[in-house]
Amino acid sequence: MEAPPEATRKKRRWRVVQIAVSIVLVIGIFAYAVPKLASYSAVWSAITDLTWLELVTLVAAMVFNLLTYWWQNMASIPGLGLWQAAVCNQTTTSVADTIPGGGYIAVGVGYAIYHSWGISNSAIALSVALTGIWNIFMKLGLPVIALAALVITGNSSGALVVASLIGLAVLAGAVVLFAMVLWRKALARRIGSALGRVASAVRRVIRKPRVEDWGEAAVRFRHDTIDLVAKRWAALTITTIVSHLALYLVLLLALRDVGVSEQEVSWAQVLGVFAFGRLLTAVPLTPGGLGFVELSYIGGLIFAGRGHADVGPDVFHAQVAAAVLVFRVLTYAIQIPLGGFTYLIWRANRSWRRPPPLEPEPSITAPTTAP
């Protein structure tokens, strides 16, 4: 059913406001906030001091990180090939990283790609939901892992303990809720209906129509999930953990390559900053957390290394900022043109095309971007 003209205009105006706010925030962070921490000229000097060997190892770490995302998609859709996973993951990631709130648009793109390969709607919805749930669990669990690492290495702090305990409580609640959905059909229906009411209340505030039938959708999700989780939970868990740690490895390698030593900022402190920075990617104010992620990493790492730097403060700040910006270029900026290239591959390659199965559209969706 086609949306009324007035609703279409409101949606278009809201999209323009989102884009404008996102642009203002990004410009404000990179033009005013980041230079307060480190000058761009000093940052550029630190980047140009990288050797070819260091650049090659960083690129190799980036490629490995990309592979882990593809492996996770393959774990969630049995029979999916590596290059198919690469094409869909990179294309949807490019969409999510380019447009404010683009994760939701990326869902539709992912459905179109998978559907063109003859994958059923139920299999796509299940893959989207499970990879999303596993990534959320990992993001909530990372602060707890980081806290354990910091306690072991003697670098824990009161603020981190409180934040990690909050993360642990949220994670435990999410795991219990997920287990209850899988436990009994009646519980799944009640939880789905309750979440639907909450979602409808939120959508009413932003003048969106209420959601429909989340109770029955939760029952269908439970039925489909039990079988796949029973068979693929180990592969999903391993690929999710490896993908997040591979991303962390790129950041740690970038820091060491620009000259930030273990004595200045330990691997455990880097993990702690990384863990809380990952949570910011869930905030849809800017695409992929652009600006907020960089600022949080730079500020957090400078704070972690205060008083321990082997060089002057200006040099140390520049090294940290250089490492973070190199990290984000490799793991964020490069994703965008790469996704454009994989989109062209999808459009041109007809050998993977299969007739779409006849099936109703699913009711539960979530972004299918890289974790």
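1. Helices α3 and α4 are roughly perpendicular to each other, a label for angles of 65 to 115 degrees. Their angle is about 105 degrees, and their axes lie 8 Å apart. Axes here are lines fitted to C-alpha atoms over the stretch in contact, with angles running from 0 to 180 degrees between N-to-C directions. Helices are DSSP runs (H or I) of at least four residues, numbered from the N terminus.

2. Before going on, please note that this is a predicted model: local features need pLDDT of at least 70, side-chain atom pairs count only at pLDDT 80 or more, and totals for chains, interfaces and linings use all residues. Residues are numbered from 1 along each chain as its sequence is written, and side-chain values use heavy atoms, leaving out hydrogens and water.

3. Which residues meet where α3 and α4 touch? Among them are Trp70 and Trp71 in α3, and Leu82 and Trp83 in α4; contact means heavy atoms within 4.5 Å.

4. Now look at serine 127, which is found in helix α6 (residues 121–153). Serine 127 counts as buried because its relative accessibility is 4%, and buried means under 20% relative accessible area (1.4 Å probe, protein chains only).

5. Not counting residues up to four places away in sequence, serine 127 touches Ser76 and Ile77. Ile77 is also one of the residues in contact with tyrosine 114, again leaving aside neighbours within four places in sequence.

6. Finally, check a pair of C-alpha atoms: those of serine 127 and proline 78 are separated by 9.7 Å, although the two residues are 49 residues apart along the chain.

How values were computed: Helix = DSSP H or I, 4+ residues; strand = E, 2+ residues; numbered from the N terminus. Buried < 20%, exposed > 50% of the residue type's maximum accessible area, 1.4 Å probe, protein only. Parallel < 35°, antiparallel > 145°, perpendicular 65-115°, else oblique.
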